[in-house]
Amino acid sequence: MGLSVTISAADAQDAEHILKLQYLCYQGEAELYGDWSIEPLTQSLDALRTELEEGYGLVARLGDEVVASVRARLDADGTVRIAKLIVHPRMQRHGLGGRLLDGIERHYATATDPEAASAKRYQLFTGHRSEGNLRLYRSKGYAQVAAQELGPKLTLVTLEKAA
């Protein structure tokens, strides 16, 4: 009998597991851009805990193991900034990333808290060479709204969709 993946809200107790998974998942991005100093690889556990406290996060579990995660926070202008969508390499291409994006959007779309319910748009970003990420985001209705060259190897692509 196989285990099924469950998705639930992340909490402070998940932080260490998320950080380890984040470190694993961002190795490919670091290699793609030739930069191992990217923030997801240098983020501290305390900083991750702060992100979870100040925003909203989801984790996907296979049994007790955290195999995917995403975090978001709502800005004062009504923009939900989605960040650090990660899926364990062995679990990629099975729809988990899409399910996590759907979960973040559903959280803000159905929020009873007036502040969370004020979401007007969802926004996220990725590097220009991260084709899998771009493909996923576009398939979920996100469209490019900006591109910022951060250096000779990296252009940051910002994508957005209405809430």
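## Overall architecture

The protein comprises 6 helices and 7 strands. Read from the N terminus, these elements follow the order β-α-α-α-α-β-β-β-α-β-α-β-β. The radius of gyration is 15 Å, close to the 15 Å that the globule rule gives for 163 residues, so the protein is as compact as a globular protein of that length. The coordinates described here are those of a predicted model.

Along the principal axes, the C-alpha trace extends over about 45 × 40 × 30 Å. Among contacts between residues at least 6 apart in sequence, 60% link residues that are at least 24 apart.

## Surface and charge

Of the 163 residues, 42% count as buried. The protein exposes about 9,100 Å², and carbon and sulfur atoms contribute 50% of that area.

Charged side chains number 19 positive and 22 negative. The centres of these two sets are 6 Å apart.

## The largest nonpolar core

In soluble globular proteins, nonpolar side chains tend to be buried together. In this model, the largest nonpolar core contains 27 residues, of which Val-80, Ile-82, Leu-96, Ile-104, Tyr-108 and Tyr-142 touch the most other members. Both helices and strands supply this core: two or more residues come from each of strand 2 (56–62), strand 3 (65–74), strand 4 (79–87), helix 5 (96–109), strand 5 (121–127), helix 6 (131–139) and strand 7 (155–162).

Val-80 illustrates how these parts of the chain meet. Leaving aside neighbours within four places in sequence, Val-80 is in contact with Ala-72, Arg-73 and Leu-74, with Ile-104 and Tyr-108, and with Ala-119, Arg-121, Tyr-122 and Gln-123. Two of these partners, Ile-104 and Tyr-108, are themselves among the core residues that touch the most other members.

A second, separate core has 14 residues, including Ala-15, Ile-18, Ile-38 and Leu-41.

Leu-52 belongs to helix 4, which covers residues 45–54. Is this residue buried or exposed? Leu-52 is buried, because its relative accessible area is 11%, and the cut-off for burial is under 20%. Beyond its neighbours within four places in sequence, Leu-52 is in contact with Ala-10, Asp-11, Ala-15, Ile-18, Gly-57 and Arg-71. Ala-15 and Ile-18, two of these partners, are members of the second core.

Leu-52 and Tyr-137 are separated by 85 residues in sequence. In space, their C-alpha atoms lie 22 Å apart.

Note on methods: Residues are numbered from 1 along each chain as its sequence is written. This is a predicted model: local features need pLDDT of at least 70, side-chain atom pairs count only at pLDDT 80 or more; totals for chains, interfaces and linings use all residues. Side-chain values use heavy atoms; hydrogens and water are left out. Helices (H or I, at least four residues) and strands (E, at least two) are DSSP runs, numbered from the N terminus. The radius of gyration is taken over C-alpha atoms; the globule rule is 2.2 Å times the number of residues to the power 0.38. Buried means under 20% relative accessible area, exposed over 50%, partly exposed in between (1.4 Å probe, protein chains only). Contact means heavy atoms within 4.5 Å. Accessible areas come from the Shrake-Rupley method with a 1.4 Å probe; for residues, only the protein chains shown count as cover. Lys and Arg count as positive and Asp and Glu as negative; His and the chain ends are not counted. The place of a charge is taken as NZ of Lys, CZ of Arg, CG of Asp or CD of Glu. A nonpolar core is a set of buried Ala, Val, Leu, Ile, Met, Phe, Trp, Tyr and Cys residues joined through side-chain atoms within 4.5 Å.
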